[in-house]
Amino acid sequence: MNFSNYLQSPYVKYQNFIEETISSYELPSNFYKKEQIGTSCYNNPIFSYQLGSGDFCILMTAGVHGREAINSFALLAILNHYCAHLTCNADWFSTHRILFIPMVNPDGYFRSLTEVTFKNNGNDIDLNRNFPCKLWKKKWKEDMPASEIETKMLIQQFHLHNPHLYFDIHSRGEGIYYYRNTMPSSYNETQEKIANVLSSITGYELYPPELEINPNDSGGNTVQYFAETFKKPAFTIETVPDNATFPISNAYLPDVFNQLVSIPFLF
């Protein structure tokens, strides 16, 4: 399958527009950094954007599932907003840094442009069931955790930056997954306290612990791996209403932006 047209897709055009806009701000080099951190299985680039120079690191990812690009657009819009108002928050960004990886799964996104419910990667693997953790289950004979290049890339970024907090943005449901079955009660108590604050500013509900993994599903998602490996807060945030249909309209973008934009400044 030829994914070369990904470079002409609406998301990449938006990405280029945001990057051109940010470049006009002439930000200090120690405050803003764009980096290609990997490639997809079809050799499409995967980028990160780091803003701020502080030691306290917050990682935000989106686009793990191809059909959920609304969140990739939102993270780029939030990045641009922060850059445009950097001087207003200069003190915060001198002690903090945010690492955005807006599009973890570019192959899945491109395929979803014609197969609107498609969420897997170019190898037809659900990346959010591919991370090695205690709840991971083999789903077919050849199934292996961390088999995918995108999974390995994100694991590398976790270890390279060792974030203090991790947010993985998904759709749909307007809810927050905070509970980790494999973690001690002290961890989940902290998670719940933070999740309640997140709920108060986003308006999103907290999903109960029993819904962390559906009965017929398997583990192996990003936040499970991060929580078990680093013992630090990690949340899956589901944007847009549960009845939103695929493809998710960019008409939801202002709401998603407004619901997410204040999150890092809570910390």
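Predicted model: local features only at pLDDT ≥ 70, side-chain atom pairs only at ≥ 80, totals over all residues.

Me: Start with β4, residues 96-101. How many of its six residues are buried?
Reply: Buried means under 20% relative accessible area. Strand β4 is mostly covered. The side chains of His-96, Ile-98 and Phe-100 point one way, those of Arg-97, Leu-99 and Ile-101 the other way, and all are buried.

Me: Which residue stands opposite Phe-100 of β4?
Reply: Strand β2 covers residues 45-52 and pairs with β4. The pairing is antiparallel, over four bridges. Opposite Phe-100 stands Tyr-49.

Me: And β3, residues 56-62: does this strand run parallel or antiparallel to β4?
Reply: Six bridges join β3 to β4. One of the partner pairs is Leu-59 with Leu-99 in β4. The sense of the β3 and β4 pairing is parallel.

Me: Now the charges. How many salt bridges does the count come to?
Reply: Side chains of opposite charge can pair when their charged atoms come close. The cut-off here is a side-chain nitrogen of Lys or Arg within 4 Å of a carboxyl oxygen of Asp or Glu. By this rule, the count of salt bridges is seven.

Me: What is the N to O distance between Arg-111 and Glu-115?
Reply: The two side chains meet in a salt bridge. Glu-115 is partly exposed, at 35% relative accessible area. From N to O, the distance between Arg-111 and Glu-115 is 2.9 Å.

Me: Take Asp-143 and Lys-139, which meet in a salt bridge. Is Asp-143 buried or exposed?
Reply: The N to O distance in this pair is 3.0 Å. Lys-139 is partly exposed, with a relative accessible area of 35%. Asp-143 has a relative accessible area of 3%. Since buried means under 20%, Asp-143 counts as buried.

Me: Which residue forms a salt bridge with Glu-212?
Reply: The closest N and O atoms of the pair are 3.6 Å apart. The pair links distant parts of the chain, 32 residues apart. Glu-212 sits in the loop between β7 and α7, and its partner in the loop between β6 and α6. That partner is Arg-180.

Definitions and conventions. Residues numbered from 1 in each chain as written. Heavy atoms only, no water. Buried < 20%, exposed > 50% of the residue type's maximum accessible area, 1.4 Å probe, protein only. Helix = DSSP H or I, 4+ residues; strand = E, 2+ residues; numbered from the N terminus. Pairing = 2+ DSSP bridges.
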